[in-house]
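Hi there,

Here is the structure I promised to pass along. Have a look at it first, and my notes follow just below.

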Amino acid sequence: KINLDWIINAYREYPEKDRFFTAYFDVLSGGPVLREQIIGCMTQEEIRSTWQEGLSKFRELRKRYLLYEE
């Protein structure tokens, strides 16, 4: 589990906000959404809550591929 507070706090403390994120950040995070959420001052909890729908869909999809139930 990644500690988003580290990234959020580093961004808040960084003096040159427009130079904090590199293009590679979007590649590593799967797109621009996380960067936009951090710039938009969302908290770790708010960001994680936006992941829930996708995580639920993934859990349902992966059930057919599991050999043993959890």
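Glu 16 and Arg 19 form a salt bridge, with their closest N and O atoms 3.2 Å apart. I use that term for a side-chain nitrogen of Lys or Arg within 4 Å of a carboxyl oxygen of Asp or Glu. Glu 16 is partly exposed, at 36% relative accessibility, and Arg 19 is exposed, at 57%. Here buried means under 20% relative accessible area, exposed over 50%, and partly exposed in between, with a 1.4 Å probe and protein chains only.

Before you read on, please keep in mind that this is a predicted model: local features need pLDDT of at least 70, side-chain atom pairs count only at pLDDT 80 or more, and totals for chains, interfaces and linings use all residues. Residues are numbered from 1 along each chain as its sequence is written, and side-chain values use heavy atoms, leaving out hydrogens and water.

Back to the charged pairs. By the rule above, the count comes to four salt bridges. One of them joins Arg 35 to Asp 26, at 2.9 Å from N to O. Asp 26 counts as buried, because its relative accessibility is 18%. Another pair is Lys 63 with Glu 60, at 3.0 Å from N to O. These two residues sit three apart in helix 5 (residues 52-63), so about one helical turn separates Lys 63 from Glu 60. As a reminder, side chains of opposite charge can pair when their charged atoms come close.

Now for the chain as a whole. It has five helices and zero strands, where helices (H or I, at least four residues) and strands (E, at least two) are DSSP runs numbered from the N terminus. The radius of gyration is 15 Å, whereas a compact globule of 70 residues would have one near 11 Å; the value is taken over C-alpha atoms, and the globule rule is 2.2 Å times the number of residues to the power 0.38. The C-alpha trace spans about 50 × 25 × 15 Å along its principal axes. Of the 70 residues, 20% count as buried.

One last item, on contacts, meaning heavy atoms within 4.5 Å. Among those between residues at least 6 apart in sequence, 49% join residues at least 24 apart.

Best wishes
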